[in-house]
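Opening the notebook on a new model today.

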Amino acid sequence: MQYRPLSNTGLNVSALCLGTMTFGEQNSEREAFEQLDMALDSGVNFVDTAEMYAIPPRAETMGSTERIIGNWLKQRGCRDRVIIATKVAGPGRDWLPYIRGGNNQLDRGNILAAVEDSLRRLQTDV
């Protein structure tokens, strides 16, 4: 696996990143764990997620991908080997009314709330 510096953070991320938007909708937790295990065993250390995942976005599955990743990190004890990139949902009063009551603007309060919620679901503090 090739690795590349992540800007000036001192972190090196794998050239391949595992996308996880299907975890909790098209893929079960067991299947997600298998995919995450295979990726890590293959040298992939970069995992992409988002607060609104699983896709398609629904209130019932919002955050499920991050929860599954958090469960995997806790069960496998591999948090120090994985770099997680997550995303904050942008404005979506008309199509994401269940995220922060539909008031999910890209302002300081919403971004901080989204980060704290993501960290809680991912069961990590960084």
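Entry 1: I am working with a predicted model, so every value here is computed from it.

**Entry 2: cavity.** How many cavities of 30 Å³ or more does the structure hold? I got 1. The volume of the largest cavity came out at about 30 Å³. I then listed its lining: L18, L36, A39, L40, V44, V47, W72 and V82. Which classes are in that lining? I counted 8 nonpolar residues, with no polar and no charged ones. Helix 1, residues 29-41, gives the largest share of this lining, with 3 residues.

**Entry 3: pocket.** Next I looked at open space. The largest pocket holds about 210 Å³. I found 15 residues lining this pocket, and R79, I84, T86, L119 and V126 are the ones nearest its centre. Where does the largest share of the pocket lining come from? Helix 3 supplies that share, 5 residues. I also noted that strand 5 (83-85) and helix 3 (108-122) each put at least two residues into the lining. Sorting the pocket lining by class gave me 10 nonpolar, 3 polar and 2 charged residues.

**Entry 4: helix 1 on helix 2.** I turned to packing. The axes of helix 1 and helix 2 are 10 Å apart, and the packing angle is about 60°. I therefore put helix 1 down as oblique to helix 2. The crossing of these two helices is right-handed. On the helix 1 side I listed E29, A32, F33, L36, D37 and L40, which meet I68, I69, N71, W72, Q75 and R76 of helix 2. By class, I sorted the residues of this contact into 7 nonpolar, 2 polar and 3 charged. Looking back at my cavity list, I see L36, L40 and W72 there, and this helix contact includes L36, L40 and W72 too.

**Entry 5: helix 2 on helix 3.** At what angle do the axes of helix 2 and helix 3 cross? I read roughly 45°, with the axes coming within 7 Å. Helix 2 and helix 3 are therefore oblique to each other. The residues that meet are E66, R67, I69, G70 and L73 from helix 2 and S118, R121 and L122 from helix 3.

**Entry 6: backbone.** I went looking for exceptions, because most residues other than glycine have a negative phi, and most peptide bonds are trans. Which residues does a cis peptide bond join? I found I55 and P56, with omega about 0°. P56 sits in the loop between strand 4 (46-48) and helix 2. My other flag is R100, which has a positive phi of about 50° and is not a glycine. I placed R100 in the loop between strand 5 and helix 3.

Definitions and conventions
Residues numbered from 1 in each chain as written. Predicted model: local features only at pLDDT ≥ 70, side-chain atom pairs only at ≥ 80, totals over all residues. Heavy atoms only, no water. 1 Å grid on protein atoms, 1.4 Å probe; cavity = no way out; pocket = protein on both sides within 12 Å on 5 of 7 lines; lining within 4 Å. Points joined across faces, edges and corners; volume = space filled by probe spheres on them. Helix = DSSP H or I, 4+ residues; strand = E, 2+ residues; numbered from the N terminus. Nonpolar A, V, L, I, M, F, W, Y, C, P; charged D, E, K, R; others polar. Axes fitted to C-alpha atoms, helices over the stretch in contact; angles between N-to-C directions. Parallel < 35°, antiparallel > 145°, perpendicular 65-115°, else oblique. Contact = heavy atoms within 4.5 Å. Left-handed = near helix turned anticlockwise from the far one by under 90°.
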